[in-house]
Amino acid sequence: MKYDITIIGSGIIGSSIAYRLSKYDCSILVVDKENDVANEVSMANSAIVHAGHDPEEGTLKGKLNVLGSRMYPQLCKDIGAHYKPVGAFTVMHSKEQQATFDALVERAKARDIPYEVLSAEEAKKQEPNLTDEVIQVLSMPTTAIVIPWEVALKQLQVAVLNGTEVKLNCEVQSITPNEDGYTLHTNQGEIETKIIINSAGLYADEVARMVGLEVEDVIPRRGEYFVLSHDAKNFAHHIIYPIPTAKGKGILAVPTVDENILLGPNAEGIEDKQGVNTTIEGLNYIRKELLTSVKNVPFYNIIRTFAGIRPSIASKDFIIEKPIENFINLLGIDSPGIASAPAIAEYVEELLELPYPIKENYETKNPYTFRFQELSVEEKDAYIKEHPTYGNIVCRCEQVSEGEIVACIHEVLGATSIKGVKKRVRPGMGKCQGGFCQPLVLEILARELHCKPEEVQYDQLGTNPVLAWKGGREDA
Amino acid sequence: MRKVTCVIIGGGSAGLAAAIELKKNGIDDLLVLEKGPEVGGILNQCIHNGFGLHEFKEELSGPAYAERFALQAEELGIPIECNTTVTAFYPDKSIEVSNKNGYEVIQADAVVLAMGCQERTSGQIQIPGMRPQGVYTAGTAQRYVNIDGYQIGKRCFILGSGDIGLIMARRMTLEGAKVLGVAELMPYSNGLQRNIVQCLKDYDIPLYLSHTVTNIEGYPRLQKVTISEVDENRQPIKGSEKVFEVDTLLLSVGLVPDNTLTVEAGISLDARTRGIEVNEYCESIMPGVFAAGNVLHVHDLVDYVTAEGRKAGRGAVRYLKGELPERNGFVTKAGNGISYVLPQRVDYPSEDESVEFSFRVRSPYKNASIVVKNGNEEVKRIKKLALLPAEMEKVILPKEVLTTIHDELVIEVEEA
């Protein structure tokens with residue numbers, strides 16, 4: 001099969017690009033080595049749409065962050081993704097930080113980003129858990145939170161409905177040029193394409209080198225996090241940052257769309273691009289550093305720790321370029337990558353100067369807009385009477401019904417694993433971390449995908465929670 | 001909106017006992033709501049024996065113990081709705097309920113909370129390392145093995161010597177897995193003594209006291225677990241590492257009352273029990289809201305859960321019949337060596353002939369005394385050969401003593 005455009009990587013960047021380009025009358029393929037969309041960098045991060053006052057002037061990060069952040073409200077409306085402009089508080093707690101604080105204010109002003117400087121007293125009225133040392137706070141009301149993998153998935157679903165193809169479990173092993181573009185050699189055979197868009201995240205340097213480019217290394221930079229349960233949802237209502245330093249944005253308290261709180265991340269350069277392990281040192285560092293901006297941290301409500309990896313590069317700014325004909329390179333898309341994603345897609349579109357016409361009919365809206373949990377009591381009752389499985393609660397912590405789980409398996413780019421279900425509709429995200437619901441989700445997946453229970457994977461191949469059925473309940 | 005005199009949330013041992021007590025005392029308009037396909041709760045996956053020594057003076061399996069109460073409830077004609085989840089509970093005692101027939105609001109006059117507990121997970125105890133497949137809480141593993149009939153692993157290590165962990169050490173062995181050991185952070189076990197003997201010693205499974213897991217390796221499946229000895233501050237000691245090549249790690253690191261609904265309703269929890277605060281009728285600060293079983297505090301024996309369920313049922317009966325006088329009592333306090341005392345308040349000191357107090361010690365004691373004080377004045381002393389945190393202790397005080405207490409009742413340990 002020959003494609004006009006092949007996008008390598010289905011993270012939030014690849015998916016945003018696919019969404020943007022799917023209006024063109026050409027054939028587009030998205031490949032990803034993972035078994036689900038947005039399964040690596042986009043899956044584990046702070047999930048923030050930064051307002052754009054942080055990146056330095058003259059950088060691509062600064063430009064695309066501001067643009068992207070402004071595109072988000074409409075984008076999320078179109079694709080039916082959650083978007084909450086909770087606002088951010090940058091907390092100054094020592095006099096030495098005054099210069100940095102003032103610089104942030106200046107940049108916000110210059111970039112026309114709404115902001116407000118709050119006194120300690122005003123800020124504490126809104127966030128009682130700010131540390132007693134707080135001197136003043138820079139409030140950024142347009143800073144928002146999203147679910148990055150949802151933003152990716154929902155965009156890619158629209159692209160698929162516009163004709164884009166997606167191959168998962170498809171790892172690009174080498175690339176050779178041919179008379180009219182490139183041949184991708186993958187574990188699923190050869191794929192011919194005219195144009196390549198390299199949005200391979202952590203592996204973007206390796207993909208770039210496959211076509212002979214000399215690029216800098218992607219440096220995996222690990223960030224560890226704690227997740228607090230819903231019991232702690234009132235701990236912070238805004239994203240709370242310390243004043244940024246040369247090392248990064250510091251340790252944050254971030255409310256999530258689903259009313260958890262994230263605490264983290266640290267930033268540690270590591271060797272292994274899959275080194276998502278957490279460490280005693282890292283977690284202890286977060287516990288300690290967090291206290292520079294907040295107090296009364298309800299560590300009792302921690303339900304999970306995790307680590308995500310940022311695809312950083314030594315030169316710091318995003319690299320988005322067309323270094324050779326028909327090849328777009330995206331390198332070093334770390335923070336503010338999420339905030340910039342829609343603007344990056346637009347930028348890539350401009351770089352490409354595609355010769356294809358725009359389709360007469362194409363979708364920009366995602367058709368999967370139904371959210372059972374947002375219905376009223378009466379509406380839920382009526383809906384269950386028509387669709388009884390929506391009354392069967394499978395996950396008690398997050399109150400997810402069988403109907404919602406089945407639906408997310410059968411949608412376009414549906415879930416094929418327990419983690420896939422968890423990403424889409426949340427069973428296992430709560431306090432019991434799947435202790436009660438995982439066996440039930442496993443049964444539903446086996447039934448809906450017509451496979452044996454021991455073939456149901458938690459995530460990638462080899463993560464099946466059960467090995468073999470040894471007898472027992474007949475209907476298991 | 002459906003109206004029900006008394007709704008019991010949860011059809012496990014606490015909920016069933018409460019329902020039976022209510023029905024026997026003339027409260028007919030009852031409803032037990034159970035999320036699972038049958039009543040009995042977690043007992044249904046506890047296929048080992050050891051249940052019922054206090055209630056029935058015999059040793060039953062978990063399902064057999066549950067069945068006795070299920071049958072009694074059936075004979076009494078108690079309405080039970082299974083496969084039904086309570087999704088919200090409000091301070092006005094209205095509750096939202098979901099099942100395959102629909103979604104409705106039920107208004108109750110009294111509510112008994114009997115939702116049981118949850119296991120602490122690897123995230124809660126923050127084991128560093130990778131997050132591969134093969135790490136399960138012991139209860140989830142128990143369900144996969146005992147209810148669903150799956151094999152989950154072949155070489156197994158267990159962190160935490162809670163009872164479920166000990167029971168699962170034996171269970172995994174009987175299922176053909178090799179259990180390489182059990183590590184316990186504390187210098188003593190958190191399980192019942194009989195489980196240490198019957199589940200570990202009888203199967204030559206080593207118990208590593210003062211040890212914890214300090215690394216998890218392998219991806220996508222677990223390959224290695226590292227344990228380290230810990231010092232008196234429970235910090236790992238460098239150089240004491242032992243590595244076990246296993247594909248399964250079970251966690252038995254504590255249970256936490258499942259008060260998600262309660263917290264959403266705005267009722268605050270006792271910081272030590274993580275359950276609500278109650279009086280001697282298991283009644284919360286909100287009149288007509290009762291709690292019993294593991295949602296109130298984590299028990300060691302199901303027999304005690306049943307007894308507490310009956311107590312809550314009795315309280316609900318008296319509340320509904322308008323028999324309870326004005327609240328006028330005292331609070332209880334966990335003194336030296338005690339982690340918590342239940343009930344947290346006695347509201348009606350002159351109502352009953354006696355009140356039973358449950359508590360746990362913070363650490364093991366030998367030849368110590370339990371001392372009960374009215375403020376600073378000693379009112380009772382009980383000599384104990386041994387006291388263990390894993391075992392719940394009880395003291396019963398008669399009305400004559402209770403009516404003399406006006407400030408606070410303190411229970412403490414005094415070493416010999």
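I looked up helix α1 (residues 12-21) of chain A and helix α8 (residues 337-352) of chain A: their axes come within 8 Å and cross at roughly 40°. Axes here are lines fitted to C-alpha atoms, for helices over the stretch in contact, with angles from 0 to 180 degrees between N-to-C directions. Helices (H or I, at least four residues) and strands (E, at least two) are DSSP runs numbered from the N terminus.

This is a predicted model, in which local features need pLDDT of at least 70 and side-chain atom pairs count only at pLDDT 80 or more, while totals for chains, interfaces and linings use all residues. Residues are numbered from 1 along each chain as its sequence is written, and chains are lettered from A and ligands numbered from 1 in the order in which they are written.

I read their crossing as right-handed (near helix turned clockwise from the far one by less than a right angle). The contact (C-beta atoms, placed from the backbone, within 7 Å) includes Ile13(A) and Ile17(A) of α1(A) and Ala341(A) and Ile344(A) of α8(A).

Next I checked where chain B meets chain A. The contact takes 39 residues from chain B and 45 residues from chain A. On the chain B side, α4(B) gives the most, with 5 residues.

Last, I looked at strand pairing (at least two DSSP bridges). Strand β23 (residues 468-469) of chain A pairs with β11(B) in the antiparallel sense over 2 bridges. I found Tyr150(B) as the bridge partner of Trp469(A).

Methods
Two residues are in contact if their C-beta atoms, placed from the backbone, lie within 7 Å.
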